[in-house]
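Subject: Structure handover

Hello,

Here is the structure I promised to pass on. Please open it alongside this email.

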Amino acid sequence: MLLRLAEPTDAMGVAQVHVRSWQVAYRGLMPDDYLDQLRPEERAAKYTLGNRDASKPTTIVALDAGVIRGFATIAPAHDSDVPGYGELAALYVDPDHWGRGIGVALVSAARARLFELGFRDAVLWVLKDNSRAERFYKIDQWVPDDARRTQSVWNLMVEEFRYRRAL
């Protein structure tokens, strides 16, 4: 497995992982008709990959045999109550490759990159009732901090819970 910073040409590969992982991981947590209509082509058009500006989101991809199998996106946290924190904004692995260490490698690389950028603490948001993600992040020493939000994600209102950890 190879981890590297994403480039603009990775947009479709990232979008395929993003959509597929949503369709599997969020089944039962989001409406089926909503998940079924998600298209990688639409998602890929919204990415800005290849950014090297520390004040903007940066994506790390995991490749196996030259194919993107997962990705993590980091950025400065934009929550006003955690100034100076970094954020793990996204972490997704193709469901056919769950349980193979890709998520562990990506979250580790994301934490290391945030640290390199000068952050010493980070937050992330988890969809309500996403027990698989909650277990994963707790194993990686992320702790719920009681912050909650409801926001529009891909035009769907979702409830999320925040986790944090030292880097």
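Below is what was found in it, taken part by part.

Please keep in mind that this is a predicted model.

Strand 3 (residues 67–76) runs antiparallel to strand 4, with seven bridges joining them. To find this pair on screen, pick Ile74, whose bridge partner in strand 4 is Leu88.

Strand 4 (residues 86–93) also pairs with strand 5, this time in the parallel sense, over three bridges. Here Gly86 stands opposite Ala122 of strand 5.

Strand 5 (residues 121–127) pairs with strand 7 (residues 156–166) too. That pairing is antiparallel and has seven bridges. Two contacts to look for: Leu124 has Tyr163 of strand 7 as its bridge partner, and Leu127 has Glu160.

Strand 6 (residues 143–153) and strand 7 are antiparallel as well, over eight bridges. Glu160 turns up again here, as the bridge partner of Arg149.

How well covered are strands 4 and 5? Strand 4 is mostly covered, with seven of its eight residues buried. Strand 5 is mostly covered too, with six of its seven residues buried.

**Turns and positive phi values**

Most residues other than glycine have a negative phi. A few places here go the other way.

Strand 6 and strand 7 form a hairpin with two residues between them. Trp154 sits in that turn and has a positive phi of about 50°.

Asp146 is in strand 6. Its phi is also positive, near 75°. Is Asp146 buried or exposed? The relative accessible area of Asp146 is 66%, over the 50% cut-off, so Asp146 is exposed.

Asp129 lies in the loop between strand 5 and helix 5 (131–139). The phi of Asp129 is positive, near 70°. Asp129 has 53% relative accessibility and therefore counts as exposed.

Gly118 follows helix 4 and has a positive phi, near 100°.

**Helix 4**

Helix 4 (residues 102–116) has 15 residues. From its first C-alpha to its last it reaches 21 Å, close to the 21 Å expected at 1.5 Å a residue.

Which residues of helix 4 are buried? They are Ile102, Gly103, Ala105, Leu106, Val107, Ala110, Arg111, Arg113 and Leu114. In general, an α-helix has 3.6 residues a turn, so residues three or four places apart point the same way. Keep that in mind when you colour the helix by burial.

**The second largest pocket**

About 180 Å³ of space lies in the second largest pocket. Its lining is made up of Val19, Tyr34, Gln37, Leu38, Arg39, Glu42, Arg43, Lys46, Trp154 and Asn155. By type, the lining residues divide into four nonpolar, two polar and four charged. Trp154, from the hairpin turn, is one of the lining residues.

Leu38 also lines this pocket. Where is Leu38 found? Leu38 is in the loop between helix 2 (32–36) and helix 3 (40–44). Its relative accessible area is 7%, under the 20% cut-off, so Leu38 is buried. Leu38 and His18 are 20 residues apart in sequence, and their C-alpha atoms are 9.8 Å apart in space.

**Where to begin**

Strand 7 pairs with strand 5 and with strand 6. Then follow the hairpin to Trp154, and from Trp154 go on to the pocket lining.

Best wishes

Terms used:
Residues numbered from 1 in each chain as written. Predicted model: local features only at pLDDT ≥ 70, side-chain atom pairs only at ≥ 80, totals over all residues. Heavy atoms only, no water. 1 Å grid on protein atoms, 1.4 Å probe; cavity = no way out; pocket = protein on both sides within 12 Å on 5 of 7 lines; lining within 4 Å. Points joined across faces, edges and corners; volume = space filled by probe spheres on them. Nonpolar A, V, L, I, M, F, W, Y, C, P; charged D, E, K, R; others polar. Pairing = 2+ DSSP bridges. Helix = DSSP H or I, 4+ residues; strand = E, 2+ residues; numbered from the N terminus. Expected span 1.5 Å × (residues − 1). Buried < 20%, exposed > 50% of the residue type's maximum accessible area, 1.4 Å probe, protein only.
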